[in-house]
2 protein chains.
Amino acid sequence: MNRTPTTGASVVLMPSATAHSSNRVVDAIRELIISGELAPGSRLNQEDLAARFSVSRLPVRDALSRLESDGLVILKPSSGAWVAKLDLAECLEIYMIRERLEPLALRHSVERCTEGDIVLFGDLVEAMAAGTDTETFLRLDRQFHLASYRPCGMAHLQTLIERYWNSTQHYRRAFTNFLGRERNWIIHAEHRLIVDAIRRRDGDGAAHLLFEHIRRTRCELAEHPSIFDATAKGKI
Amino acid sequence: MNRTPTTGASVVLMPSATAHSSNRVVDAIRELIISGELAPGSRLNQEDLAARFSVSRLPVRDALSRLESDGLVILKPSSGAWVAKLDLAECLEIYMIRERLEPLALRHSVERCTEGDIVLFGDLVEAMAAGTDTETFLRLDRQFHLASYRPCGMAHLQTLIERYWNSTQHYRRAFTNFLGRERNWIIHAEHRLIVDAIRRRDGDGAAHLLFEHIRRTRCELAEHPSIFDATAKGKI
DNA sequence: TATCGCTTTATTGTATCCGATTATGAGGTT
DNA sequence: AACCTCATAATCGGATACAATAAAGCGATA
């Protein structure tokens, strides 16, 4: 059992000495957004956030502008900050980007991962197939994929991929809840095929399967634009 | 003649009402880095920058942390900020990422660009072939490629691509100077082939040519690790 | 009654100040 | 002579306070 923290805000970058409150605030807000506690479209009030984390507004402002670069927050100058909201087109765009990036990472991972890594991948996939609730599903899905990219040795690429997983997390949750569990067998089958290709050290095979995994999800997503209608009113 | 500003810090995002000094400082520092005035590894002193732009240290701090997310600046907590430096491996990694992203953008652009756009692409390529000095070469190269992605209708992808052009700009300059002009005919040939494919509305062809364009550059870059040895001392 | 304009209020952006951490240099010791 | 230690100085991170901007609510007028 690997001990990646909750949703793994900083999986690729070592947690580092996050002594400075700015970093703590960044991670905390990111966590609130990824966990779904702050829904897309929610207003982010600097003073409220400052009070919540017992700091002044300054680290909060810093955090917000960093999270904007991460694509999780939208800043309107002199006006305020909101949790970033994606429409269907943007989400499809991000999936198309992921289709290009993640197979690249996986192919390099396959060339470098240890046998122990592969055991971990298999364990995560099977734990996912055995899981029941949505949050477990999402957490293990994320853990499996991000873990499968970790040996790739491309730090920039990993950061980038993690960013896109973060900014689409909310919509993956909504989509998972929407579909229910009856079509999950497809995902598990795809995951098992990917792990099998990794076991055979077939990097290209794994990459192609992963490409199709993401592409199929994108196509299914495109069939359900209603996911993006919900103008969820956020609460801080 | 298009009026893209100097190096085009904000080509994709509209310049917007950048009334706030933070944004101005971000753009200004980015410009200093991209233009080469601040070399990778240079120390960025908050007070000096504040004095240079006639603002307090606060907008500068804000700018630095944003530029860190852009990959242009490295922040060491409680220690300072430096212009990000790439080693050969990182640069090759970014080129591999670009190989995946830019063909995607181009393929979508080909489906959406106007005849007028295509004329612009051709003009830029020919202006580049007629150019003499390094800075013109770099500017037109950048303008051509970024312009060719602009009609793609994928804002996130464009921002991303522009980021990577920014963070590798210094090394493209060094590489261009290193190679001299005798091998530029390859680049012009590739560019003309790409424009021709666009004219024929052959999106896949253009994408493949672009992929090879970037890949060949990456392979050549890998042959010249000395580019990354120069520990340029920066001045503010 | 609806719309336009103004005033008020809340929230953001900026400057100055203070504490904390790190880098630097001198001095002593092995 | 090289290395380690301690003190000093420079610089960064954060808090408080103030100014500027935008949103909202109220009132007046067509």
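Two residues are in contact here if their C-beta atoms, placed from the backbone, lie within 7 Å, and the views below are taken from a predicted model.

**View 1. The contact between chain A and chain B.** In this predicted model, 20 residues of chain A are in contact with 18 residues of chain B. On the chain A side, helix H3 (57-69), H4 and helix H7 (155-179) each supply at least two of the residues that touch chain B, and the largest share, 8 residues, comes from H4(A). Sorted by class, this side of chain A has 9 nonpolar, 5 polar and 6 charged residues.

**View 2. The packing of helix H4 against helix H9 within chain A.** Helix H4 (residues 88-112) of chain A and helix H9 (residues 203-222) of chain A pack with their axes 8 Å apart and at an angle of about 165°. Because angles over 145 degrees count as roughly antiparallel, H4(A) and H9(A) are therefore described as roughly antiparallel to each other. The crossing in which H4(A) passes H9(A) is right-handed. Among the residues that make the contact are Leu92(A), Tyr95(A), Met96(A), Leu106(A) and Val110(A) of H4(A), together with Leu210(A), Phe211(A), Ile214(A) and Leu221(A) of H9(A). The contact also includes Arg98(A), Glu99(A), Glu102(A) and Arg107(A) of H4(A), as well as Asp204(A), Arg215(A) and Arg218(A) of H9(A). Taken together, the residues of the contact of H4(A) with H9(A) divide into 14 nonpolar, 2 polar and 8 charged.

**View 3. The surface near DNA strand C.** Of the 17 residues around DNA strand C, those that come nearest are Gln46(A) from chain A and His20(B), Ser21(B), Ser56(B) and Ser78(B) from chain B. The elements that give two or more residues to this surface are helix H2 (46-53) of chain A and, from chain B, helix H1 (21-35) and helix H3 (57-69). The largest share of the surface near DNA strand C, 3 residues, comes from H3(B). By class, the surface near DNA strand C is made up of 4 nonpolar, 10 polar and 3 charged residues.

**View 4. The hairpin of strands E2 and E3 in chain B.** Strand E2 (residues 73-76) of chain B and strand E3 (residues 80-83) of chain B run antiparallel and are joined by 4 bridges. Lys76(B) has Gly80(B), in E3(B), as its bridge partner. The hairpin has 3 residues between the strands, and in this hairpin Ser78(B) takes a positive phi near 60°; Ser78(B) is also one of the residues that come nearest to DNA strand C.

Terms used: Residues numbered from 1 in each chain as written. Chains lettered and ligands numbered in written order. Predicted model: local features only at pLDDT ≥ 70, side-chain atom pairs only at ≥ 80, totals over all residues. Near = placed C-beta within 6 Å. Nonpolar A, V, L, I, M, F, W, Y, C, P; charged D, E, K, R; others polar. Pairing = 2+ DSSP bridges. Axes fitted to C-alpha atoms, helices over the stretch in contact; angles between N-to-C directions. Parallel < 35°, antiparallel > 145°, perpendicular 65-115°, else oblique. Left-handed = near helix turned anticlockwise from the far one by under 90°.
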